[in-house]
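I opened my notebook beside this model and wrote down what I looked up, entry by entry. Do follow along with the structure on screen.

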Amino acid sequence: MAEADDQGPGDRLFTGRWGVHLRGHLLLFERRPGPAIPKPTGNRLLLLAGALELFRITAGRPPLPVPLSIFVAALLGLALLSVRFLASLKLSSIGLRPWRDWSPIEKSYFVQLLILANVVFSAVLWTRLRALLASSSLPEIVATVLVPYLLFGFYQEVVYRGMIQAELVRRWGALAGILVANLLYAFGPLHAGYFYSRPSLAIPMLASIFAIGLFFGALFHRSGNLWIVAVIHGIGNAYMVGSLGRIA
């Protein structure tokens with residue numbers, strides 16, 4: 001009783017019935033111990049991540065032999081199969097835990113982010129999205145924008161957060177692991193095209209990508225849940241590509 005009496009209004013806010021809905025916004029998740037992954041397995045994860053990116057770069061050069069949605073789905077499938085069978089890890093080891101294993105905080109935060117992301121992106125990009133809807137049919141938008149770029153955001157998180165960041169954090173600790181993984185994500189092959197763009201575009205885009213990547217890295221590290229960052233990243237990709245024609 002003494003502890004409860006000593007709590008201030010802020011403490012009670014985050015431990016009361018609203019706490020489960022608010023704690024995620026401060027990254028106050030219930031920490032789960034990471035899987036004990038041997039060093040050879042961690043080495044394989046890093047090698048596989050590099051191999052996946054090399055395959056994406058070489059096989060993804062236009063013109064693609066298959067529709068973009070099929071190519072990206074195959075790429076994501078290859079990444080997941082690599083983790084499961086070549087690295088011999090369960091997908092839950094890289095944060096892809098089933099819904100039944102999520103904490104109430106994770107579930108609430110995920111639903112809130114889904115709503116917020118769709119509302120904010122729709123409001124900010126409404127003019128461009130309306131033009132897209134006027135020029136293309138809904139099935140075409142789903143097939144050429146929503147599906148491929150949702151899945152591509154998922155692929156990026158599997159490789160750069162689930163495989164690279166998770167292993168670097170185990171080796172070097174949270175600060176160095178998150179920072180180095182995010183440097184590879186923001187300034188590596190994924191976004192290398194911006195280095196050939198005019199500075200007025202490249203500088204703000206790369207700075208934004210780096211900042212968003214840091215948030216995703218911290219969110220993944222604190223929650224241990226790759227579904228949250230992967231789905232939100234994919235939604236952001238789909239909106240940005242659909243309205244601006246650029247992937248981030």
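**Entry: a salt bridge to start with.** I looked up Arg-97 and Glu-106 and found their side chains meeting in a salt bridge at 2.7 Å, N to O. For a salt bridge I ask for a side-chain nitrogen of Lys or Arg within 4 Å of a carboxyl oxygen of Asp or Glu. Are these two partners buried or exposed? Arg-97 counts as buried at 8% relative accessibility, and Glu-106 is buried too, with a relative accessible area of 1%. My cut-offs: buried is under 20% relative accessible area, exposed is over 50%, and partly exposed lies in between (1.4 Å probe, protein chains only).

**Entry: ground rules.** This is a predicted model, so I take local features at pLDDT of at least 70 and side-chain atom pairs at pLDDT 80 or more, while totals for chains, interfaces and linings use all residues. I number residues from 1 along each chain as its sequence is written, and my side-chain values use heavy atoms, with hydrogens and water left out.

**Entry: the other salt bridges.** I count 5 salt bridges in the structure. One of them joins the side chains of Glu-53 and Arg-56, again at 2.7 Å, N to O. These two sit 3 residues apart in helix α4, so about one helical turn separates them. Glu-53 counts as buried at 6% relative accessibility, and Arg-56 counts as buried at 13%.

Next I looked at Glu-167 and Arg-170, whose side chains meet at 3.4 Å, N to O. They are 3 residues apart in helix α8, which means about one helical turn lies between them. Glu-167 is buried, with a relative accessible area of 4%, whereas Arg-170 is partly exposed at 33%. Salt bridges with shared partners tie Glu-167, Arg-170 and Arg-171 into one network.

**Entry: the overall build.** How many helices and strands does the protein chain have? I find 11 helices and 0 strands, where helices (H or I, at least four residues) and strands (E, at least two) are DSSP runs numbered from the N terminus. Of the 248 residues of the protein chain, 41% count as buried. Among contacts with a separation of 6 or more, 76% come from residues 24 or more positions apart; contact means heavy atoms within 4.5 Å. The accessible surface comes to about 13,200 Å², and 69% of that belongs to carbon and sulfur atoms. Those areas come from the Shrake-Rupley method with a 1.4 Å probe, and for residues only the protein chains shown count as cover.

**Entry: helix α5.** I checked the length of α5, residues 68–86. Its 19 residues should span 27 Å at 1.5 Å a residue, and its end C-alpha atoms are 25 Å apart, which agrees. The expected span is 1.5 Å times one less than the number of residues. Buried residues of α5 include Phe-71, Val-72, Leu-75 and Leu-76. The helix's buried residues pack against α4 (39–59) and α8 (138–172). After α5 comes Ser-88, with a positive phi near 60°.

**Entry: the cores.** Which residues have the most contacts inside the largest nonpolar core? They are Tyr-155, Val-158, Val-159 and Met-163, in a core of 55 residues. A nonpolar core here is a set of buried Ala, Val, Leu, Ile, Met, Phe, Trp, Tyr and Cys residues joined through side-chain atoms within 4.5 Å. Helix α8 gives the most to this core, with 10 residues. Leaving out residues up to four places away in sequence, Val-158 touches Leu-76, Ala-79, Leu-80, Ile-94, Met-163 and Leu-226. A second, separate core has 5 residues, including Leu-132, Ile-141, Tyr-149 and Val-241.

**Entry: a nonpolar patch.** Helix α8 gives the most to the patch, with 4 residues. Leu-133 is found in helix α7 and is partly exposed, with a relative accessible area of 46%.
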